Structures are given as C-alpha cells and as structure tokens.
Amino acid sequence: MSDQVQSKLLKRMSTIKHKILVLSGKGGVGKSTVSTQLAFSLALSRKDIRVGILDVDICGPSIPKMLGIDKNEVFTCTEGWVPVKVKLSGDDDDNRLCCMSIGFLLQSEDDAVVWRGPKKHSMIQQFLEDTYWGDLDALIIDTPPGTSDEHITLAEILKESKPDGAIIVTTPQGVSLADVRKEINFCNKLGIPVLGVVENMSGFACPCCNEITNIFSSGGGRKLAEQFNIDFLGQIPIDPQLASCEDEGKNFLQSFPESASAKELENITNKIKKRITLL
Ligand SMILES: Nc1ncnc2c1ncn2[C@@H]1O[C@H](COP(=O)(O)OP(=O)(O)OP(=O)(O)O)[C@@H](O)[C@H]1O
Ligand code: SF4
C-alpha cells in the first residue's frame with residue numbers, strides 16, 4: 001500500500017472513535033444479525049451516539065436488507081461516498097445510524113462471487129478509502145464468514161488505525177473448537193483484541209410468553225470462552241420476531257423491546273460499551 005493511500009485511510013479512520021469487527025467461523029450463524037442489532041442497540045442507547053455499520057461481506061451483503069435500506073442508493077459528495085442513513089422510530093434526527101455496504105455498489109447479487117483476490121482487495125481498500133463517515137462514535141464492521149483473504153486485507157488496512165477488537169459469533173450446535181480457535185488465532189496474529197464470544201440461536205424464545213426452550217444444547221459458547229480465557233458476552237435465542245423483522249427490514253429492538261432477545265442484546269451492548277469505554 002502506498003504512503004499516500006495509507007495516509008488517506010488513516011485520515012478517514014481518524015474521525016471514528018471505536019472500530020469493532022464481527023467475525024464467525026462459518027456462514028449463517030448470525031454474524032450480520034449481531035452486527036445489525038449491535039449497531040441499532042448502540043445508536044438507541046444514547047441520543048448523542050453516532051454509529052456506522054460497514055458491510056464488507058462481499059459474497060453475501062445482507063445488512064442493507066436487514067436495515068430496510070436495500071432499495072436506497074449511495075450518493076457521492078466532494079469527500080466521497082455518503083453512507084445511507086437509517087431512521088430510528090420516533091427520532092427527528094436521522095443522523096445517528098448509517099450504513100455503507102458493498103451491496104450498494106454491485107450491479108447484481110452475483111457480481112462479486114466471481115471476483116478474484118486482487119479485485120476483492122482493491123474493492124475493500126477503495127471502500128474504506130472513499131467512504132465519508134464524518135464523526136462516528138463507533139463503526140461496526142460485518143466481515144465475510146471464516147478467515148479469508150478479505151479479512152487479511154481488512155486487518156492490514158485497519159492495522160494503523162487500531163481497531164478496538166473483534167466479536168466472535170457462534171451457535172451452540174456449531175460450536176466447533178477448531179472454528180473458533182482459528183478465529184482467535186487470526187485475531188492474535190494480526191494483533192486484534194478479542195472482545196468476546198456471542199452464542200446466537202441459543203434456545204427458542206416463545207413469542208407468547210418469552211420462555212426460552214433449549215431445543216438443542218446450549219452453553220457451548222460460554223464453555224468455549226472459558227476455555228480460551230475470553231469474555232462471554234451473552235446468548236441470543238432463536239426468535240421468530242427477530243427473523244421476520246430482519247426479513248422485512250424493520251427495527252426489531254424498537255418493535256419488541258420487551259422480548260428476551262431484545263433484553264439480551266441490550267446486555268451484550270452494555271458489556272461491549274464497557275469494554276471499549278464507550279459509556
Ligand atoms: N437469533 C435469531 N433468531 C431468529 N433468526 C435469526 C437469529 N439469528 C439469525 N437469524 C436469521 O438467520 C438468517 C442468517 O442470519 P445472518 O444473515 O445474520 O447470518 P450470517 O452469519 O451473517 O450469515 P452469512 O455470513 O452466511 O451471510 C437470517 O435470516 C437471520 O434473520
Ligand atoms: S412456551 Fe409457553 S406460551 Fe410458549 S408455546 Fe410453550 S406453553 Fe405456550
């Protein structure tokens with residue numbers, strides 16, 4: 001990376017106080033769900049917090065749909081690409097949550113699947129270089145599953161601007177020591193602190209009485225965290241209301257604030273805020 005590009009990237013990242021990566025060993029465990037709900041939860045936790053969410057999942061950018069902004073377009077200003085704003089209900093200020101996704105820049109959903117490493121590398125670099133976030137308290141970065149070339153690119157680009165850390169998402173059934181060990185080794189190798197583990201799809205939350213039923217095993221994420229001596233951040237149950245909100249692009253936390261999942265997401269957010277000293 002040339003010095004010119006490096007200094008442009010550093011300048012871009014300098015207006016962002018906290019950067020958090022969200023990782024998972026495999027696809028479909030709820031990494032984008034955790035990224036999206038964490039971004040919502042942080043933005044809702046205080047009126048003066050401004051949050052951005054960056055979707056770098058080149059082969060399956062799902063965040064815009066979850067946020068209900070997949071039909072929006074990205075505009076450019078003299079400073080670069082302007083992230084799409086997400087309106088929170090009952091809020092006059094629509095400047096508290098915004099999103100930039102690689103999905104906004106693809107002509108078709110199949111576009112990126114055929115890209116080779118160097119093209120993905122330059123796309124991610126350009127993406128970080130040209131997005132104009134303005135001042136942000138936190139940027140949540142949703143990455144592709146596994147530890148691919150895209151992660152290495154991202155970590156190299158972010159190295160100088162020192163990300164606060166990574167959250168590892170897993171499921172009780174998918175708790176594979178090997179998968180999570182790979183994620184932890186990856187973070188250690190690149191000097192990214194692990195903020196903790198979230199166990200998603202942990203039991204089933206009844207939409208009628210909020211009772212959690214453990215259909216499969218549960219607690220694997222906690223054991224794993226103990227084993228690796230990292231923080232256990234919490235466990236989110238399978239919640240049909242969460243799935244349908246994300247499907248319809250609705251704000252789950254504001255739609256079902258009393259649900260067990262919303263409460264757990266709030267606890268997880270509070271632990272992360274404490275950890276990165278965003279209080
Ligand atoms: N706790 C949950 N309760 C109900 N549905 C969930 C939960 N977590 C995730 N889902 C749903 O499961 C599907 C996969 O979740 P998500 O897209 O967040 O996974 P992912 O790990 O980001 O997948 P990939 O990396 O393959 O894109 C989505 O339809 C999402 O709404
Ligand atoms: S958990 Fe309670 S409300 Fe939900 S289906 Fe079972 S008995 Fe009914």
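User: Which residues come nearest to ligand 1?
Analyst: In this predicted model, ligand 1 has 20 residues around it, and the ones that come nearest are Gly27, Gly30, Ser32, Thr33 and Ala243.

User: And which helices and strands each supply at least two residues of that shell?
Analyst: Helix α2, strand β9 (194-205), strand β11 (232-238) and helix α8 (240-248) each supply at least two residues of the shell around ligand 1.

User: How does that shell divide by class?
Analyst: Around ligand 1 there are seven nonpolar, nine polar and four charged residues.

User: OK, what surrounds ligand 2?
Analyst: Ligand 2 is surrounded by Cys206, Cys208, Cys209 and Glu211, and by class this shell has three nonpolar residues, no polar ones and one charged residue.

User: Back to α2: at what angle does it pack with α10?
Analyst: Helix α2, residues 31-45, and helix α10, residues 260-275, pack at an angle of about 75°, and their axes are 9 Å apart. Because of that angle, α2 counts as roughly perpendicular to α10.

User: Which residues make the contact?
Analyst: From α2 the contact is made by Gln37, Leu38, Ser41, Leu42 and Ser45, and from α10 by Leu265, Glu266 and Thr269. By class, that contact has three nonpolar, four polar and one charged residues.

User: Zooming out, how many helices and strands are in the protein chain?
Analyst: The protein chain has 10 helices and 11 strands, and buried residues make up 45% of its 279 residues.

User: What is its radius of gyration, compared with a compact globule?
Analyst: The protein chain has a radius of gyration of 18 Å, which agrees with the value near 19 Å that a compact globule of 279 residues would have.

Notes: Residues are numbered from 1 along each chain as its sequence is written. Chains are lettered from A and ligands numbered from 1 in the order in which they are written. This is a predicted model: local features need pLDDT of at least 70, side-chain atom pairs count only at pLDDT 80 or more; totals for chains, interfaces and linings use all residues. Axes are lines fitted to C-alpha atoms, for helices over the stretch in contact, and angles run from 0 to 180 degrees between N-to-C directions. Helices (H or I, at least four residues) and strands (E, at least two) are DSSP runs, numbered from the N terminus. Angles under 35 degrees count as roughly parallel, over 145 as roughly antiparallel, 65 to 115 as roughly perpendicular and the rest as oblique. Two residues are in contact if their C-beta atoms, placed from the backbone, lie within 7 Å. Ala, Val, Leu, Ile, Met, Phe, Trp, Tyr, Cys and Pro count as nonpolar, Asp, Glu, Lys and Arg as charged, and the others, Gly among them, as polar. A residue is near a molecule or strand if its C-beta atom, placed from the backbone, lies within 6 Å of it. The radius of gyration is taken over C-alpha atoms; the globule rule is 2.2 Å times the number of residues to the power 0.38. A residue is buried if 20 or more other C-beta atoms lie within 10 Å of its own, exposed if 12 or fewer, and partly exposed in between; C-beta atoms are placed from the backbone.
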